[in-house]
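Take a look at the model, then read on.

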Amino acid sequence: MSTLSNESFSHYKCVEATLHFSAIAQRLKKGDIKMKKTNTKKVSSFILCIVLIVAIALFTTGCNGKENAASSAPSDSKTQTDSTIIGEGSTSFPFTVVDREGGTTQFEVHTDKETVGEALMEVGLIEGEDSEYGLFVKTVNGITADYDNDGVYWAFYINEDYAVTGVDSTPIADGESYSFKVEK
């Protein structure tokens, strides 16, 4: 039996691989073997669609500006989530202030007064001038909105609806919430 040297052995392997490859190529030409074609465009389009769907889902649910309730990190948000209890009395109502930047401050106002305007003036949350139409509110929670100078004013809302009555003539009602918002 003859022994092959390393050089002969690698030459033999190279020839064997070439013959094997040639046999496969001949069978392909004849149609004996059919190769699966991978449509790269379809696969890459599918992957792109999945990535876009995930990105949209994360954007709409995770990036909506609302903080996770479980988060204990301090927030730079201008929105105050807890209500500050202010005043004394047997009647209470929620009151919200929305400033020019959209930041909100919430209060729970306690009073024995009859109208929202009287209650808010009693605790120092609003200031204004009397006019022929009632109290013209210019300052709410220390923030002044002057229409003559800035083109903005304090709008009065009852249950998120623009009020049809002035704050000084609106009686306090159970279950109602009141707010002032800066508007143009």
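Q: How much space lies in the largest pocket?
A: This is a predicted model, where local features need pLDDT of at least 70, side-chain atom pairs count only at pLDDT 80 or more, and totals for chains, interfaces and linings use all residues. Residues are numbered from 1 along each chain as its sequence is written, and side-chain values use heavy atoms, without hydrogens and water. A pocket is an open set of points on a 1 Å grid over the protein atoms alone, where a 1.4 Å probe fits, with protein on both sides within 12 Å along at least five of seven lines. Counting the space filled by probe spheres set on the points, which are joined across faces, edges and corners, the largest pocket holds about 320 Å³.

Q: Which residues lie nearest the centre of the largest pocket?
A: Lining residues have an atom within 4 Å of a point. The elements giving two or more residues to this lining are β5 and β7; strands are DSSP runs of E, at least two residues long, and helices are runs of H or I, at least four, numbered from the N terminus. Of the 17 lining residues, those nearest the centre are L135, W154, F156, G166 and V167.

Q: Which residue is the bridge partner of F156 in β9?
A: Strands β7 (residues 153–158) and β9 (residues 178–183) run antiparallel, joined by six bridges. Two strands pair if DSSP finds at least two bridges between them. In β9, F156 has as its partner F180.

Q: Which residues have the most contacts inside the largest nonpolar core?
A: A nonpolar core is a set of buried Ala, Val, Leu, Ile, Met, Phe, Trp, Tyr and Cys residues joined through side-chain atoms within 4.5 Å; buried means under 20% relative accessible area with a 1.4 Å probe, protein chains only. The elements that give two or more residues here are β2 (91–98), β3 (104–111), α3 (116–122), β5, β7 and β9. The core has 26 residues, and those with the most contacts inside it are F93, F95, V109, L120, V167 and F180.

Notes
Buried means under 20% relative accessible area, exposed over 50%, partly exposed in between (1.4 Å probe, protein chains only).
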